[in-house]
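Thanks for coming, everyone. Let me put the structure on the screen, and then we can walk through it.

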Amino acid sequence: MHIVRRRGWELPEATATPEAVYLSRRAMLKAGAGTLGAIALPGTLVPAALAPTAALAQRVTEVPDPSAHLYPAKRSDTFTLDRPITPEAKSSTVNNYYEFSYGKNVAPSMTRFARRPWVVKVDGLVEKPFEIGIDDLLARFPLEERLYRHRCVEAWSMAVPWTGFPMKAFVDYAKPLSGAKFVRMETFLDPKVAPNQRDFRYPWPYVEGLTMAEATNELAFLVTGVYGKPAPAQFGAPLRIALPWKYGFKSIKGIVRFSFTDKQPVGYWEEVQGSEYGFWANVNPKVPHPRWSQASEEDIATGERRPTLLYNGYGEQVAGLYKGLEDARIWF
Ligand SMILES: Nc1nc2c(c(=O)[nH]1)N[C@H]1C(S)=C(S)[C@@H](COP(=O)(O)O)O[C@H]1N2
Ligand SMILES: [Mo]
């Protein structure tokens, strides 16, 4: 979603994204300043052997999804939209998935990604840590469809019919101990599949976190499908989350691990640039991002600008979560 300030040794494709982000000193130190001169000449990040080929693309897309028979799921009438559903042709070609591309058309860079096999790990402060395959998970939780608005911190928005199950059902199943205060979620890590995970400037894997109260709020939704079918890879298949009252970067894709913890997790973007992206990231039109306004947003389908809503319009469900936190930085 953001580019890194351009330096001589940086990649040309980094210029494809609209906003500039400044890598924190911490991230640079973590990357190891000593290696800076040695690598990342333009073009060396993705070895030729990893460049997508038409044959590979075909192989990956031809794998039938074993969960296809579960779709479409019944649409919930609890969650309604104040705008049309964004056409799939648009929402599936304007994506953020930094592991694969710093630009918005991510799908062509995902030819090495496969949605199966996929194992999810549950650990930390739980009665008993375990692993579960995505299809066993899908068999355990009834699927439903929910229409949610989605608001990226970059001030664009869309409206999507997600399919999945409430995060609360999953949390109950994980049996967290009473000492668990947060859930930390982690994206897969496999640079052979996700070329940008070789980019030492970023703290892979992608991580996000929620308080237990947020994770068990009725809106927190674990997503497995979209538009009435298993989610295409660029949407974060086979498992991502949708948190419609928060900026989109909280809605982590490609989840392989849930860790229950008593420590507030540090998210990927918080780690990259903590002065601009924080733990809470609740949508608020009145609190500008340090580099741009959040007062309005652009609908990616129509180009129309509309006023941004507090909590992205979901205050009724979530405002209560933040009582007593009025002075905290809950808008970044
Ligand atoms: N693992 C991972 N999850 C991610 C991201 C990412 O780069 N990597 N981008 C986030 C951002 S900034 C947004 S806006 C949403 C985009 O979701 P979409 O592509 O389905 O619209 O995914 C979020 N989840
Ligand atoms: Mo975003």
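First, a term. A polar contact is a pair of N or O atoms within 3.5 Å; within protein, one must be able to donate a hydrogen and the other to accept it, and residues adjacent in sequence count only if both atoms are side-chain atoms. Now the ground rules. This is a predicted model, where local features need pLDDT of at least 70, side-chain atom pairs count only at pLDDT 80 or more, and totals for chains, interfaces and linings use all residues. Residues are numbered from 1 along each chain as its sequence is written, chains are lettered from A and ligands numbered from 1 in the order in which they are written, and side-chain values use heavy atoms, with hydrogens and water left out.

Start with the ligand. A polar backbone atom of Ser251 sits 2.8 Å from a nitrogen atom of ligand 1. In the side chain of Glu99, an N or O atom is also 2.8 Å from a nitrogen of ligand 1. For Thr187, a polar side-chain atom is 3.0 Å from a ligand nitrogen. How much of ligand 1 does the protein bury? The answer is 99% of the 530 Å² that ligand 1 exposes when taken alone (Shrake-Rupley method, 1.4 Å probe).

Who is around it? The shell of ligand 1 holds 20 residues (a heavy atom within 4 Å), and Asn95, Tyr98 and Lys253 are among the closest. Eleven are nonpolar, six polar and three charged. Here Ala, Val, Leu, Ile, Met, Phe, Trp, Tyr, Cys and Pro count as nonpolar, Asp, Glu, Lys and Arg as charged, and the others, Gly among them, as polar. Strand β6, residues 156-166, gives the most to this shell, with three residues. Strands are DSSP runs of E, at least two residues; helices are runs of H or I, at least four; both are numbered from the N terminus.

Now the backbone. Most residues other than glycine have a negative phi, and most peptide bonds are trans. Which bonds are cis here? Arg116 to Pro117 is one, with omega near -10°. Pro117 is in the loop between α3 (88-91) and β3 (119-124). Ala237 to Pro238 is cis too, with omega near 0°. Pro238 is in the loop between β10 (229-230) and β11 (240-242).

Last, phi. Ala281 has a positive phi of about 50°, in the loop between α7 (268-272) and β13 (296-299). Tyr311 has a positive phi near 55°, in the loop between β14 (305-307) and α8 (315-318).
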